Amino acid sequence: MSRLPSASCVVLGAAGLCLLAPFMLPAPEGLDAAGWRVVGVGLGMALLWLTGALPLVATAMIPLAAFPLSGVQGMASVSAAYAHPLIILFLGGFLLARAIETHGLHRWIALGLMRAIGCRPSGVIAGVMLATAFLSLWISNTAAAMIMAPIGAAIAASRAEDEGLAAALMLGIAFSATIGGMGSLIGTPPNALFAAYMADAHGRPIGFAEWAAMGLPTAAILLPLTWVMLARLAFRVDPRPLGISSAGVVRLDRAGRRVLWIAALAALGWMTRPLLARLLPGAEITDGGIAMLAALALFAGPDGRGGRLLDWDSAKALRWDVLILFGGGLALAQALDATGVAGWMAGGMTALAGLPLVVTVAALACVIVLVGELASNTAMAAIFLPVAGATAIGLGADPALVAAPVALAASVGFMLPIATPPNAIVFAHPAVTRGRMLRAGAPLDLIGAAVAVGVGWLIAPLVLG
């Protein structure tokens, strides 16, 4: 039986002190007792998320115990965050992704896109990145990276002596998985956290189409910039054409084609939901409802071999921990906002009141990107979104103008292996060293923060106004 590392014991003790301190110390000016206790819980969770002394999902369950026991919120209010409509949307997206993986649709899409690009190394890197980003729009960035990493490694092995090619390919997979996830509402949790925050705190629902109007331009700008960094600047890649055999062609069977139709109809439903809501005024058309309809179609649809397109043996292997992590982030964000903590923290931003608002937004984005290299992007979004919204209100600005760049910046993390799961996945490849990731990722962190601020600043008011 392994012993708990001493460093983890120290962190757990410090987190415990954060939880208990509000009961022993008076609340600072501007906060009541409930808000002060939420600060303690938030600091403790942030410390645990930053250090990993507890599993991320275990930390996400702290509000279920801490808030009712401390009298901050009742169990019914806290637990509602773990069954938020956006969690239902994520569950439906996970089920759809599971069917896509089960029937090989992901490989069909990936190899098809690669063959459309050609065999020049720079084109192959672009094809791999485009395929990964496209997959990451619909499935988690972790799953997209895991799907594409073996394909990238196999391509790199065809020219084993070219470490620049291998590093560019593998890092391209990791980075484009993150970038692709920024493009859709279900691509990465900070996107959905932003939608939940805007709906709950400001009464402004954000659907698939509204997010895509901000997320897709962000991904469309970042993806080619990342390709330039990897294929042209950070590494030396042999320009000779690669030999990619047609033996890797994946043909869709009947079940794969049926899953493709269901996935395409779900995506169409998500993108046209506002139109559907106008055409069916008596029905409540939601993104989560569309996702559940697609999931039910998968469970009910025959695969042509006596089974179903999706069965429970496959579905029960989903990343349920991600749903709990998302719920914990929502619970913390709601408590920060409901008890006035977000507004109190935003008061600390008054020192920036004399500066242009875009400078304040850029400062927040940079802090989130840098801290997010060491912590969960879901945690960063949960902590900073309410602060961003309250800061905007305190400065007399539209909350969406500040919160949208914060949500986009929360997904940026290219510098360290621990920053995102895709980074950790490709770090297992021998060609991906810490130095190479830092060389390409550090400038991309700055570029990503700048793009997030620029897109959020310019497009969010048009889309959400």
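This is a predicted model: local features need pLDDT of at least 70, side-chain atom pairs count only at pLDDT 80 or more; totals for chains, interfaces and linings use all residues.
**A friendly note on helices, salt bridges and a surface patch**

1. Helix H6 itself covers residues 85–102.

2. Now look at the surface, where Leu20, Phe23, Met24 and Leu25 form a nonpolar patch with about 450 Å² of accessible area together. Phenylalanine 23 sits in helix H1 (residues 6–24) and counts as partly exposed because its relative accessibility is 47%.

3. How many salt bridges does the structure hold? There are five. In one of them, glutamate 163 pairs with arginine 436, with the closest N and O atoms 2.7 Å apart. Glutamate 163 is in helix H10 and arginine 436 in helix H23, so the pair ties together parts that are 273 residues apart in sequence. Arginine 436 is buried at 18% relative accessibility, while glutamate 163 is partly exposed at 43%.

4. Another salt bridge joins arginine 204 and aspartate 398, again with the closest N and O atoms 2.7 Å apart. Both residues lie in loops, arginine 204 between helices H11 and H12 and aspartate 398 between helices H20 and H21, 194 residues apart.

5. Aspartate 303 and arginine 305 form a salt bridge too, with the closest N and O atoms 3.8 Å apart. Shared partners join Asp253, Asp303 and Arg305 into one network. Here aspartate 303 is buried at 9% relative accessible area, whereas arginine 305 is exposed at 55%.

Note on methods: Residues are numbered from 1 along each chain as its sequence is written. Side-chain values use heavy atoms; hydrogens and water are left out. Helices (H or I, at least four residues) and strands (E, at least two) are DSSP runs, numbered from the N terminus. The expected span of a helix is 1.5 Å times one less than its number of residues. Patches are made of residues with over 30% relative accessible area and no salt bridge: like charges are joined within 9 Å, nonpolar side chains (Val, Leu, Ile, Met, Phe, Trp, Tyr) within 5 Å. Accessible areas come from the Shrake-Rupley method with a 1.4 Å probe; for residues, only the protein chains shown count as cover. A salt bridge is a side-chain nitrogen of Lys or Arg within 4 Å of a carboxyl oxygen of Asp or Glu. Buried means under 20% relative accessible area, exposed over 50%, partly exposed in between (1.4 Å probe, protein chains only).
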